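Hi everyone, thanks for coming. Let's take a few minutes to look at a model together and see how its parts meet.

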Amino acid sequence: MISQVTAADIEGLYAHWRRDGATLNTIESRHIALSALFSHAVRHRRIPVNPMTQAEKLENPVIPVDGRKLPGFDEIIAITKEIRPCLSPVI
């Protein structure tokens, strides 16, 4: 369930992406998309806080995000298959 996702889960996801070779910009793009999802859940009272705001982000120089580099459908499906089952609803 989305309410069970913790800051540690998010940090683990960042580490997983880095181990798989994702660039910092790619991780930042994914962070933005996930943060929007959790913000929506907070706004609609599905969860009390956005765990993304509590997770420590990787250091990344400020570089404009290219919207064309957001994860595509196939990449989202691949991520869903690789993460813990409790995180699947988030994706």
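Buried here means under 20% relative accessible area, with exposed over 50% and partly exposed in between, using a 1.4 Å probe on protein chains only.

A word on where this comes from. This is a predicted model, where local features need pLDDT of at least 70 and side-chain atom pairs count only at pLDDT 80 or more, while totals for chains, interfaces and linings use all residues. Residues are numbered from 1 along each chain as its sequence is written, and side-chain values use heavy atoms, leaving out hydrogens and water.

Now the overview. The protein chain has 4 helices and 0 strands; both are DSSP runs numbered from the N terminus, helices being H or I with at least four residues and strands E with at least two. Of the 91 residues in the protein chain, 29% are buried.

How do α1 and α2 pack? Helix α1, residues 7-19, meets α2 at an angle of about 150°, with the axes 10 Å apart. Axes are lines fitted to C-alpha atoms, for helices over the stretch in contact, and angles run from 0 to 180 degrees between N-to-C directions. That angle makes α1 roughly antiparallel to α2, a label for angles over 145 degrees; under 35 is roughly parallel, 65 to 115 roughly perpendicular, and the rest oblique. On the α1 side, the contact includes I10, Y14 and W17, and on the α2 side it includes R30, H31 and F38. Contact means heavy atoms within 4.5 Å.

Let's zoom in on two of those α2 residues. Is R30 buried or exposed? R30 is buried, with a relative accessible area of 9%. R30 lies in α2, residues 24-43, and, not counting residues up to four places away in sequence, touches W17, A22, P71, E75 and I79.

H31 also lies in helix α2 and is buried, with a relative accessible area of 9%. Leaving aside neighbours within four places in sequence, H31 is in contact with Y14, M52 and K57.
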